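Here's a quick briefing to read alongside the model. Have a look at the fold first, then work through the notes below.

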Amino acid sequence: MDTSVSSSPRRRLAGPRGLPVLGSFFPMLTEPLALANKLHARYGDVSLVQVYKTPIAFLRNPVDVKRVLIDEPQSFPKPLIDNPFNGNGLTVSRGDHWKRQRHMVQPLFHKDKVRLWSGIFSEELAKSVERWKEMGARGESFDMYTEGARLMFGVMWRTCFEEQPEIAYFDRIMDAIDVFGRRVSPMSVLLYNLLPRMDPRGERVFTSVKLINGWIYERIGKRRGRGTEDGDITLLSMLVEAKARDSGESMTDREVRDEIVNLFGASFEMIATSLTWAIHACTQHPEVTQAIREEVQGVTGGAPPRYEDVAKLPYTHRVVQEINRLCPPAWTILRETANAVEVGGVMLPKGTQLLLCPYAIHRHPDHWQDPEKFDPDRFLPERMVGMHKCAYVPFGAGQRICVGQHMSQVDTVQTLAAVLQQLDVEYLGKTPVEWQTRLTFVPKHGMPVRMRARQG
């Protein structure tokens, strides 16, 4: 049955009624983005379902997205998220605490700061390219997402702590991502809600958080103990030294820990995900690979691309933009309604959870021509004239837009350019690739590839 909201002439059918008590629990837990796509196809830009007693609305119209994220953010606040891994860091905090932390953290990701860390990125990228060459020479294949994550783990670990990472740390981080990102079966969730001690994830969550906290607090203690040193550009030191704009207070150890985890996790996941989908797209479009290689050759003359070269690679940048349109790493932007409000002709009760899915927003038929087509040149400046401000939101929009968007774009462009310049990439999986939503938007069965050094 459909949920009717016909009390106003402008209001319309909003979504399916779902099962008694459970509502849309099963499709929501199985794959929420697939549910969103199905509902948008049937009900339009705003659809409303319920899970237990909680109303959940999916929004895809850029006009509504702008209202929620930019025009009336106070009416659509970030919902409360209880996650022992993220704590109360920037990606999940709210209210005055979020404002205070945002003012302290945002300057750390200015372009000048990202440039300071660019040498670390280039070094780690060179190591990864060499590793992939050696694996290819042995005839070995690998999962692109895992290797992209390994690259970004090394980058972020050195950026945060200025020390060489250990492979055991990477394994633990990947285990933590698996714990927090894996979607279990609906029946398991029902069982574990009734009998939480039976949930096998509980011990893994506790162990992962305890280990990660131990690493970070140890390094915070050492940093506070030695004080400021000239030339220290680590993110940890910048967070320790940051001062609140109004009070001049520094962050507590817990606040530093939470921001390190949030910034580390967001950069680590998003760049690895974008790179994975970009590599796959280039294996499916050899003309794109060739165009990138010619552009890189014209800029670097055969030398590995560096931070300073990225601004001179407009076509490669458009490829990454198009990848982030088709396969946005952050699959949803979460908000809730502070009061009952009408959005897109649908009356949303107070406390409605809003899911703004960039995957759907980036395919809105009124804002994108041939939205399923891979076309990097749709981001040519002349073709973007008149594009709605919120038709493209891979990093969100408004006051909570991702602080690391510049780093993400630069690092993905530089990596894609370096890989295609030096390696031939062969995709070994099935086409089309199945996707799933975990912490980010990832290939369901991995992205198997083989890379070999280019000849000549």
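**The chain at a glance**

Of the chain's 456 residues, 54% count as buried (under 20% relative accessible area, with exposed over 50% and partly exposed in between, using a 1.4 Å probe and protein chains only). Keep in mind that this is a predicted model, where local features need pLDDT of at least 70, side-chain atom pairs count only at pLDDT 80 or more, and totals for chains, interfaces and linings use all residues. Residues are numbered from 1 along each chain as its sequence is written, and side-chain values use heavy atoms, with hydrogens and water left out.

**Overall build**

- You get 17 helices and 13 strands here, taken as DSSP runs numbered from the N terminus (H or I, at least four residues, for helices; E, at least two, for strands).
- The radius of gyration is 23 Å, which agrees with the value near 23 Å for a compact globule of 456 residues; the rule is 2.2 Å times the number of residues to the power 0.38, over C-alpha atoms.
- Along the principal axes, the C-alpha atoms fill a box of roughly 65 × 55 × 45 Å.
- Take the contacts (heavy atoms within 4.5 Å) between residues at least 6 apart in sequence: 73% of them join residues at least 24 apart.

**Surface and charge**

- The accessible surface is about 20700 Å², and 53% of that belongs to carbon and sulfur atoms (Shrake-Rupley method, 1.4 Å probe).
- There are 59 positive and 54 negative side chains, with the centres of the two sets 5 Å apart; Lys and Arg count as positive, Asp and Glu as negative, while His and the chain ends are not counted. Each charge is placed at NZ of Lys, CZ of Arg, CG of Asp or CD of Glu.

**Helix α15**

- α15 (residues 314–326) is largely enclosed by the rest of the structure, because 11 of its 13 residues are buried.
- Among those buried residues are Y315, R318, E322 and R325.
- The buried residues of α15 pack against α12 (253–284), α13 (286–300), α16 (358–361) and α17 (405–422).

- R158 sits in helix α7 (residues 144–161) and, at 12% relative accessibility, counts as buried.
- Beyond its neighbours within four places in sequence, R158 touches I120, E123, E124, K127, E163, Q164 and P165.
- R224 belongs to helix α10 (residues 201–226) and is partly exposed at 34% relative accessibility.
- With neighbours within four places in sequence set aside, R224 is in contact with V240, M251, T252, D253 and V256.
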